[in-house]
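Work through these exercises with the structure open beside you. Try each task before you read its solution.

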Amino acid sequence: MPDLPTPQDAAEATLFSECWDAVLSYADLCTGGSADARPLASEAFSRGIREARAAEAETGGKSFGRRARSPRLPRIPLLLTAVRQTAVAWEAQGHGDRLVPELRLWLNSEHAERFSGPPLHRPLALRGLRDMQEPDAALLWLTEVEAMPTAAVARRLGLDPAGVTEELQQVRGVFRDRCHRNHLDTPLAEECRSYARLLDAVTRSPAADVPDDLSRHLARCVECAEAAACLKHSGGGLPSALAGGVIGWGGLAYLERRRRAVESGLSRSAADDTDEPAGWTKENGGRARIGRAGLLAVAAGVSLLALVVTLVPFGSGDDGTETAAESAGRQPVGEQVPSFDGLPSGSGSGSVGESTSSTASPKTPKSSADAGAITGTGSEKEAQGDSSSSAEEDATAPNPSEPAVCHARYDLVSEWPDGFQATVTVKSDYALDTWRVGWTFRDGQKMTQMWDGTFAQKGSRVTATAADYNKSVAAGGSLAVGFLASWHDKNSPPVDFTLNGRSCTHSS
């Protein structure tokens, strides 16, 4: 793996630090263990920065106006794309075992081919974002996907804070215009082309009703459904359309992870800090680089914050809402920013061919096959009111005659023709040393991915098991898991929630 690039100035050093946080977060989703996340992120970061600098050299770093076409993506989506490209390279080089199985299946499917195939068949959001002027695209991405507050985005992009909201509305319109043009330029089937103008008209008005025939068509056609998500900005679907269309696999999980990191204050991108970061040193005529002493200080501070998040019993408020710490998710905390003044190649470089250690947070197993690695350890102290460590006990329906020991809330985050994203939050009346949450799907829904826990599904019954880092819950505290699942015909909320085999009251 080549050395990590050196920042060209202080501004780029700050940008590198913020981008690294996003790249490592996505690399952590893609890999089968924490030790693999850092080398994947490092290699992807080097690849992406080389591509960005080559594009800048081609254009001479000049801007062509706020509404002109740009030849490249903004830094963060460009680097996230580099993570996907690096994962493709790992798979081709025989290192695919270091990636999660779900990603490997996706990389070898027709879904992945769309991102590298003919330009006119690539996802519409990717084409639309690339066709925008880079400052506009950066404003859209940072606000919609990275979930940064508008004031922080304005500082980062040098915009007037008072006018950034209006500017964002204009940029959304530019993105919609680019996507509409690209949709019409796509080689569409005759049926799709007959619906193109109707789709444009319907998505322009938030109050417009979707005709039944168009609705049926959107349920069958992937390209037109993508176009609808990019064109209709009301209803909160734009972030999902951007993340899924630009990142590809794991886009929705990345989206939720970044939002929860910002809410909990663990995201470097949302930090309200206008001063020069501590730890920079000047060399070679004032050129800035990140000092190693500064990195150690930052790492110590972030590690302390991670320890507090892990150990302090954060509960939910009286109104049942989550606290910021509960929504922190599996964001890698305690992971220090790498030194960008050149890491030595060879030993310790984190190259693909060798296993490296990592200081990232404990890793959530990525598949249901890993559930047994967490449950059934025998030596662990069981939660209050639980005498067995087997997740299979949750396969039975709860006893309604028992008093409830917990309160569950089900939130449907987003839904599309054959899948959905949801969150289950459980408030426990008792302190827990570990936990298993069970529920029953009523319409044959099938789990595909989970974060902040692992899952096992037997028929309609699902059991979510704690990750290593979130087993403990204080009395009156809450736990939460997010997941992706598929559905057909109907997608009713689940029922029969349990905590460690005992009944929960629930709301949806």
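**Exercise 1.** Find the handedness of the crossing of α10 and α11, then describe how the two helices are arranged and which residues meet.

*Solution.* This is a predicted model.

Step 1. Take the handedness. The crossing of α10 and α11 is left-handed.

Step 2. Take the geometry. Two packed helices are described by the angle between their axes and the distance between the axes. Helix α10 covers residues 190–204, and helix α11 covers residues 212–220. Their axes cross at roughly 115 degrees and come within 11 Å. Angles of 65 to 115 degrees count as roughly perpendicular. Therefore α10 is roughly perpendicular to α11.

Step 3. List the residues. From α10 come Glu 191, Cys 192, Tyr 195, Leu 198, Leu 199 and Val 202. They meet Asp 213, Leu 214, His 217, Leu 218 and Arg 220 of α11.

Step 4. Sort them by class. The contact of α10 with α11 has 7 nonpolar, 1 polar and 3 charged residues.

**Exercise 2.** Helix α7 packs against helix α13. At what angle do they pack, and how are the contact residues classed?

*Solution.* Step 1. Locate the helices. Helix α7 spans residues 134–144, and helix α13 spans residues 238–246.

Step 2. Read the geometry. The angle is about 110 degrees, and the axes lie 9 Å apart. So α7 is roughly perpendicular to α13. The crossing of α7 and α13 is left-handed.

Step 3. Name the partners. Helix α7 contributes Leu 140, Trp 141 and Glu 144. Helix α13 contributes Leu 238, Pro 239, Leu 242, Ala 243 and Val 246.

Step 4. Sort by class. The contact of α7 with α13 has 7 nonpolar residues, no polar ones and 1 charged.

**Exercise 3.** Now turn to α7 and α8. What is the handedness of their crossing, and which residues meet?

*Solution.* Step 1. Helix α8 runs over residues 150–157. The axes of α7 and α8 come within 10 Å and cross at roughly 150 degrees.

Step 2. Angles over 145 degrees count as roughly antiparallel. Therefore α7 and α8 are roughly antiparallel to each other. The crossing of α7 and α8 is right-handed.

Step 3. Pro 135, Ala 138, Leu 139, Leu 142 and Thr 143 of α7 meet Thr 150, Val 153, Arg 156 and Leu 157 of α8. By class, the contact of α7 with α8 has 6 nonpolar, 2 polar and 1 charged.

**Exercise 4.** Which residues line the second largest cavity?

*Solution.* Step 1. The structure has 4 cavities of 30 Å³ or more. The second largest cavity holds about 70 Å³ of space.

Step 2. Its lining residues are Arg 114, Leu 120, Arg 122, Leu 124, Arg 127, His 183, Thr 186, Leu 188, Glu 223 and Glu 226. Two elements give two or more residues to this lining: α6 (124–130) and α12 (222–231).

Step 3. The lining of the second largest cavity divides into 3 nonpolar, 2 polar and 5 charged residues.

Note on methods
Residues numbered from 1 in each chain as written. Predicted model: local features only at pLDDT ≥ 70, side-chain atom pairs only at ≥ 80, totals over all residues. Heavy atoms only, no water. Axes fitted to C-alpha atoms, helices over the stretch in contact; angles between N-to-C directions. Helix = DSSP H or I, 4+ residues; strand = E, 2+ residues; numbered from the N terminus. Parallel < 35°, antiparallel > 145°, perpendicular 65-115°, else oblique. Left-handed = near helix turned anticlockwise from the far one by under 90°. Contact = heavy atoms within 4.5 Å. Nonpolar A, V, L, I, M, F, W, Y, C, P; charged D, E, K, R; others polar. 1 Å grid on protein atoms, 1.4 Å probe; cavity = no way out; pocket = protein on both sides within 12 Å on 5 of 7 lines; lining within 4 Å. Points joined across faces, edges and corners; volume = space filled by probe spheres on them.
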